[in-house]
Amino acid sequence: MMKTAKPLALAALLMSGAASAMADVPASCQTVSFTDPGWTDISSTNALTSQVLQGLGYDTEIKTLAVPIGFEALNNGEIDVFLGNWMPAQQKFIDKYVGDGSVEQVRTNLEGAKFTLAVPDYAYDAGVKDFADLAKFGDQFDHNIYGIEPGAPANQLLQGMIDSGDFGLKDWTLVESGEQGVVSQVKRLVRRDKFIVFLGWEPHPMNTTFKMKYLSGGDKYFGPNYGGATIHTLTRDNYSSECSNVGKLLENLQFSLTMENTVMGYIMDDGMDAADAARKYLKANPQVMDAWLQGVTTVKGKDGKSAVYKYLEI
């Protein structure tokens, strides 16, 4: 006849089972680190992903690093995830780091983005419709092109364009600034109906805040379709193998222009913290998480969707 397990033995067995469940998510994987170049679109996607991860029982940390430093941090294993690999603008980094296997490309997380020079609609209506039109209006633009933060690949493309004298821009100056800086400068000059040419992109609230037009003719530098871009998720080498549960979430994770524009608007127009903005969006649109959470569990191996819904108070 089989004997009943003693209470202590049963407790040990249960503890062992719990430990096995926890072993599915190693301690080294229970904190997920992201890099953010200081762009509101990436702050938004980092925040959306972090809210889901926190609902699953993970800790998250976000480090603000310029693009080149962020890639090097992925290369060194100091950062786990980068949700802002704009392609083809960051091609040289992909060639270097993905090419040698030190960084892994997980998937495309956003389609339909654009990234090229733009002007206010009144400058466009005056005849500035193409990169080749800029030189004719040089005095109105004060021979300045407004880029983003120093070291950004897009700035390097623009500086190369100026240095080569393409489009007659040899004597122009690239004004490097952060995202907030260029948006503020556009606001100041638009109020006075002054001409300004700046690096514009979508998703971004600038597309609804300003009456603006993207310039044609920049295919050599930004690609066709007005710098038509796709955004990719990257991880450090072997991350999805080591941290398969988060890897599954990243494999599922896909955003939309409407989603990002909405969250960015909460941040930039309403002054919300990125985490609060992401939480507000997810509570109002919980269905977007259904595909994200397919096959994803909590750190304790429990149902992921119910845990995240409970965390977000949905």
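User: In this predicted model, where does asparagine 238 lie?
Analyst: The model is a prediction. Asparagine 238 is not a glycine, yet its phi is positive, about 70 degrees. Its relative accessible area is 36%, so asparagine 238 is partly exposed. Asparagine 238 lies in the loop between β9 (229-236) and α11 (239-242).

User: Is tyrosine 226 buried, partly exposed or exposed?
Analyst: Tyrosine 226 has a positive phi near 55 degrees and is a residue other than glycine. Its place is in helix α10 (residues 224-227). Buried would need a relative accessible area under 20% and exposed one over 50%. The value for tyrosine 226 is 38%, so this residue is partly exposed.

User: How are helix α2 and helix α16 oriented to each other, roughly parallel or roughly perpendicular?
Analyst: Helix α2 (residues 40-55) and helix α16 (residues 304-311) have axes 8 Å apart and pack at an angle of about 110 degrees. Angles of 65 to 115 degrees count as roughly perpendicular. The two helices, α2 and α16, are therefore roughly perpendicular.

User: Which residues of α16 make the contact with α2?
Analyst: The residues of this contact divide into 4 nonpolar, 3 polar and no charged. On the α2 side they are Gln51, Val52, Gln54 and Gly55. On the α16 side they are Ala307, Val308 and Tyr311.

User: How far apart in space are alanine 277 and leucine 48, C-alpha to C-alpha?
Analyst: Alanine 277 has its place in helix α14 (residues 274-284) and is buried, with a relative accessible area of 0%. Not counting residues up to four places away in sequence, alanine 277 touches Val263, Tyr266, Ile267 and Met272. Alanine 277 and leucine 48 are 229 residues apart in sequence, and their C-alpha distance is 8.5 Å.

User: What is the geometry of the aromatic pair of phenylalanine 115 and phenylalanine 222?
Analyst: Phenylalanine 115 is in strand β4 and phenylalanine 222 in helix α9 (residues 219-222), 107 residues apart. Both residues are buried. The ring centres are 6.1 Å apart with 90 degrees between the planes, and the pair is edge-to-face.

User: Why is the pair of phenylalanine 137 and phenylalanine 195 classed as it is?
Analyst: Phenylalanine 137 lies in the loop between α5 (121-125) and β5 (144-146) and phenylalanine 195 in the loop between α7 (179-191) and β7 (198-202), so the pair ties together parts 58 residues apart in sequence. Both phenylalanine 137 and phenylalanine 195 are buried. Planes under 30 degrees apart would count as stacked and those over 60 as edge-to-face. The planes here are at 35 degrees, so the pair is tilted.

User: Where is proline 88, which a cis peptide bond joins to methionine 87?
Analyst: The bond between methionine 87 and proline 88 is cis, with omega about 15 degrees. Proline 88 has its place in the loop between β3 (81-87) and α4 (91-98).

Conventions:
Residues numbered from 1 in each chain as written. Predicted model: local features only at pLDDT ≥ 70, side-chain atom pairs only at ≥ 80, totals over all residues. Heavy atoms only, no water. Axes fitted to C-alpha atoms, helices over the stretch in contact; angles between N-to-C directions. Helix = DSSP H or I, 4+ residues; strand = E, 2+ residues; numbered from the N terminus. Parallel < 35°, antiparallel > 145°, perpendicular 65-115°, else oblique. Contact = heavy atoms within 4.5 Å. Nonpolar A, V, L, I, M, F, W, Y, C, P; charged D, E, K, R; others polar. Buried < 20%, exposed > 50% of the residue type's maximum accessible area, 1.4 Å probe, protein only. Phe/Tyr/Trp six-rings, centres within 6.5 Å; stacked < 30°, edge-to-face > 60°.
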